[in-house]
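Hello,

Here is the structure I promised to hand over. Have a look at it first, and then read on for what turned up.

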Amino acid sequence: MNIKRILSYTRRAVDNYNMISEGDRIAVGVSGGKDSLALLAALAHLKLFYPVPFEVVGVTVDMGFDGADYSEISEFCAELNVPYHIIKTQISQVIFDVRKEDSPCSLCSRMRRGALNDAAEELGCNKVALGHHKDDVIETFFMNIFFAGNI
């Protein structure tokens, strides 16, 4: 799918649901996966011609795993002329070393979302955008059933 098609869908969604208001500063949660990078690119391109002025900021939550490298994301953000912030956390240590979670997915998700929301607030962002889609919802639903025993 090319960027023009993605932009068309993005603009339609933004317009149909009044997702962007004048002066919004939107923190885009960037994991480095295709969904979050596509969303970041779409919003960065949209802001260039959208009639309502807004800002985009890329934010990655570093969970504290050894060897994490965000240099390619940083370069991508620079190409898009989007400010980029890496938020250092100790989420991995809390989940695996301190709490020794058998089913870490739910807790990890909540901690990442909390870190992202805190970072967005500190960066002066009034909205957070995530590159999730319906497959993510279905996958999370089944992971919670199978691994955590809850919905």
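Predicted model: local features only at pLDDT ≥ 70, side-chain atom pairs only at ≥ 80, totals over all residues.

Ile91, Val94 and Ile95 of H4 are in contact with Leu107, Cys108, Met111 and Arg112 of H5. Sorted by class, six residues of this contact are nonpolar, one is charged and none is polar.

How are the two helices placed against each other? Two packed helices are described by the angle between their axes and the distance between those axes. For H4 (residues 91-98) and H5 (residues 105-122), the angle is about 155° and the axes are 10 Å apart. Angles over 145 degrees count as roughly antiparallel, so H4 is roughly antiparallel to H5. The crossing of H4 and H5 is right-handed.

Helix H2 spans residues 34-49 and helix H3 spans residues 71-80; they pack at about 15°, with axes 10 Å apart. Since angles under 35 degrees count as roughly parallel, H2 and H3 are therefore roughly parallel to each other. Their crossing is right-handed. On the H2 side the contact involves Leu37, Leu40, Ala41, Ala44 and His45, and on the H3 side Phe76, Cys77 and Leu80. By class, that contact of H2 with H3 has seven nonpolar residues, one polar and no charged.

Now to the sheet. Strands of a sheet pair through backbone hydrogen bonds, either parallel or antiparallel. In this model four strands form an open sheet, ordered S3-S2-S1-S4, and the pairing is parallel. Which strands stand at the edges? They are S3 (84-88) and S4 (127-129); each has a single partner strand, so one side of each is left without a neighbour in the sheet. From one strand to the next, the twist averages 30°.

- S2 (residues 55-62) and S3 run parallel and are joined by five bridges. Thr60 has Ile86 in S3 as its bridge partner.
- S1 and S2 also run parallel, with five bridges between them. Ile26 stands opposite Val56 in S2.

H5 comes back into the picture here, as it packs on the sheet and touches S1 (25-29), S2, S3 and S4. The direction of H5 makes about 140° with that of S2. Is S2 mostly covered or mostly open? Strand S2 is mostly covered, with seven of its eight residues buried.

Asn18 is in the loop between helix H1 (3-16) and S1. Its phi is near 45°, a positive value in a residue other than glycine. Exposed means over 50% relative accessible area, so Asn18 counts as exposed at 64% relative accessibility. Asn81 lies in the loop between H3 and S3. Asn81 likewise is not a glycine, yet has a positive phi of about 60°. With a relative accessible area of 62%, Asn81 is exposed.

Happy browsing, and best wishes

Methods
Residues numbered from 1 in each chain as written. Heavy atoms only, no water. Axes fitted to C-alpha atoms, helices over the stretch in contact; angles between N-to-C directions. Helix = DSSP H or I, 4+ residues; strand = E, 2+ residues; numbered from the N terminus. Parallel < 35°, antiparallel > 145°, perpendicular 65-115°, else oblique. Left-handed = near helix turned anticlockwise from the far one by under 90°. Contact = heavy atoms within 4.5 Å. Nonpolar A, V, L, I, M, F, W, Y, C, P; charged D, E, K, R; others polar. Pairing = 2+ DSSP bridges. Buried < 20%, exposed > 50% of the residue type's maximum accessible area, 1.4 Å probe, protein only.
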